[in-house]
There are 2 protein chains.
Amino acid sequence: MPAIDPDRLLGDLRRLAEFGRYRTGVHRPTYSADDVAARAWLAERMADAGLEPTIDGIGDVIGRSPGAGPRLLIGSHSESQNHAGWLDGALGVIYGLEVARAVQADPGSAGGAIDVVSFADEEGHYGAFTGSRSFCGLLEEAEIDRLANRYDGTPLRTALERAGYAGRPRAEIEPERYKGFLEAHIEQGDYLESSGLKVGIVTSIVAIWQYRILFEGAQNHAGTTRMAVRKDAGLALVRLAAAIDERFPEVAGERTVWTTGRITLEPGAPSIIPGAAEMLFQFRDADPDRLTLLERALEELVAAADAAGPCRCRLEAVARSVPKLMDPHFQDALEQAAERHAPGRHMRMPSAAGHDAQILAQRVPAGMLFVPSIGGISHHWSENTADEDIVLGCQVMATAAATILGP
Amino acid sequence: MPAIDPDRLLGDLRRLAEFGRYRTGVHRPTYSADDVAARAWLAERMADAGLEPTIDGIGDVIGRSPGAGPRLLIGSHSESQNHAGWLDGALGVIYGLEVARAVQADPGSAGGAIDVVSFADEEGHYGAFTGSRSFCGLLEEAEIDRLANRYDGTPLRTALERAGYAGRPRAEIEPERYKGFLEAHIEQGDYLESSGLKVGIVTSIVAIWQYRILFEGAQNHAGTTRMAVRKDAGLALVRLAAAIDERFPEVAGERTVWTTGRITLEPGAPSIIPGAAEMLFQFRDADPDRLTLLERALEELVAAADAAGPCRCRLEAVARSVPKLMDPHFQDALEQAAERHAPGRHMRMPSAAGHDAQILAQRVPAGMLFVPSIGGISHHWSENTADEDIVLGCQVMATAAATILGP
């Protein structure tokens, strides 16, 4: 069994967190100077571990093991959300590095090897899963031409130029090289913590179904227009959102989540009755039947609102992903390893967030492991996981990797 | 009795609508090139009518009658809302001009005279009632220093410079010069039209009580955060807005109106649970007791939302104006004139919109007359009033003016 080195693991994680440090977290947006410096450092650490590192034309850092024999790819992303946590993505990358080192040093794992990867832009400063999609052959040049930073508008091409990545070839996965892909991540929720558990074995990555709901009324003067004759698009929106709040718990599964992330009233002035309104709404679930039920409920509510008047109400589907299943054998290997190192303190669970593993799963078998998030906090600089949970999770991944590489 | 000239009245209104024409309406924002040109044309028309025109340091156009004797000031504003109607403001200014001409020509009105005014920026591209407040001594230089265009940020000082008004003295009302102020305006609602009436005699200009309602929750990941532990500030807002929608009809008077004009969720991203939310809410009524009742109801709803949790909810009063009463004698004079020219087809009514008359009422007796708005449309380029209603309203105002000037 490969034995990880807790101090080396935590040391590398802490060193990585110095790139773009922000309070107790990091601010390391994709292709920022700190992100580029962190990727260069990662490549050095891969070389130190005997891997052959490249940073490719999209910024993916890939460390290939020189030997032949069965291989696993392990990793995640190393850029962060803005002013966010030190572990989101970074944990999975450094786990890859540490498991690669532990497998190399383990006589029992002779012949097997680990490649390590840090994908670029999983967090979507430019696109979404930009690096892993590139690696899986799912990112066209034309899309790269089109993408721009969603905060400051910098074209992706310009950012790649500044980072020094422009003109390099983009690496693409050779599926036959790998038994599959493993990714570790903080849970970002509080199921594990609130259940006193240490390891989550991901069964699937939930689907996200996203909608724009559009309301059309009549813009008018907020003083002179009687209540009885108004067509207030904002009020129509409020009534529908309240109806969703009433109805969705009746059709939701135990882990269904739904969110209105944005509301816009037009023109948005205090003394004008909104003539148009829009809400961005989404729900997530791992069960395709449940997703269909939820959409049907939403369609019924929107149709009822439209029929009730006086405003028109229209539903527009923005995106409907399908749940991405993790490989059952990988789940078994992770569960056996978890039972070995944390008996009775693990559970199988869906991932309610998106991860690079859902992209990799389109080309090779994929598996994911979660460690607990303190307070379930995520996408915030105060995100954290106890050191002992970080160490435990890495050992579980190393043991599972050895099992998968097999004799 | 002074007799107005319908063709001259309609001709001047149509000529004014050529400045900044937009479809069947106008786009003539305060201090835009079209607004400045329109003010210069107005000054010329005042001179043609034997008045002594000045355009002052804030852009107010004032045409003073040369004679002695009792005087009335009549007017409104000549800039428009963006892409809005041709009559909102313009009607009241051209009524002033036409009544001035009719009174001059009327042997029975000898000795009395009309001054005509077009105030600047009633519509609030920079401030609110900027011109009439200046004229009434209610606009400090320091506020002029501070104000800027709410759409493009141009400082008011810069706009005045470009318009050629900077450095001119600002005119201030001499209250002893006037028996009072009269303003005509389109109704902007549909009370008159839906009742088959032709003239509204304004009793008071309603108070507007405005609030920000602030919600504080916890920003988190829209996938990984279970419904049960969320503190969704946007959802808290929706629930309060729905509660207002339920409760306000029970405490509202017949003419109370209430509006949520803007909703903001922070950070406003599709996959992030809003950590903060804000709504701009206002209600209007002419009855001070009713206003107090409405505020109490709002306070109770906000307190209940805050107590129910999980988000904090806080009410912040932005502005509480008091209803501005129109002079009772002016109301009587307008009503008598309306009964003479449109027997049985007039009503007393509050104004649910703000008007320059509410500012003037702070210095001199003030009265207002409404003409019907087709379909109640306002602040939109399709705003309109039938020619015969425009003519009738002006004749009513001329007759009322003669009565007020008296012998």
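Predicted model: local features only at pLDDT ≥ 70, side-chain atom pairs only at ≥ 80, totals over all residues.

Q: At what angle do α3 and α12 of chain A pack?
A: About 55°, with the axes of helix α3 (residues 90-105) and helix α12 (residues 387-405) of chain A 9 Å apart. Angles from 65 to 115 degrees would count as roughly perpendicular and those under 35 as roughly parallel, so α3(A) and α12(A) are oblique to each other.

Q: Which residues make that contact?
A: From α3(A) you have A:Leu91, A:Tyr95, A:Glu98, A:Val99, A:Ala102 and A:Val103. α12(A) brings in A:Ile390, A:Cys394, A:Met397, A:Ala398, A:Ala401 and A:Ala402.

Q: And how do they divide, nonpolar, polar or charged?
A: Eleven are nonpolar, one is charged and none is polar.

Q: Switching topic: how many residues does each chain put into the contact between A and B?
A: Chain A gives 45 residues and chain B gives 45.

Q: Which elements of chain A supply at least two residues there?
A: The helix α8 (233-251), plus the strands β10 (220-221), β11 (257-266), β12 (272-273) and β13 (276-285). On chain A's side, 19 residues are nonpolar, 19 polar and seven charged.

Q: OK, what about chain A overall, how many helices and strands?
A: Twelve helices and 17 strands. Its radius of gyration is 23 Å, close to the 22 Å from the globule rule for 407 residues, so chain A is as compact as a globular protein of that length.

Q: What share of chain A is buried?
A: Buried residues are 57% of the 407.

Note on methods. Residues numbered from 1 in each chain as written. Chains lettered and ligands numbered in written order. Axes fitted to C-alpha atoms, helices over the stretch in contact; angles between N-to-C directions. Helix = DSSP H or I, 4+ residues; strand = E, 2+ residues; numbered from the N terminus. Parallel < 35°, antiparallel > 145°, perpendicular 65-115°, else oblique. Contact = placed C-beta atoms within 7 Å. Nonpolar A, V, L, I, M, F, W, Y, C, P; charged D, E, K, R; others polar. Rg over C-alpha atoms; globule rule 2.2 N^0.38 Å. Buried ≥ 20, exposed ≤ 12 C-beta atoms within 10 Å, placed from the backbone.
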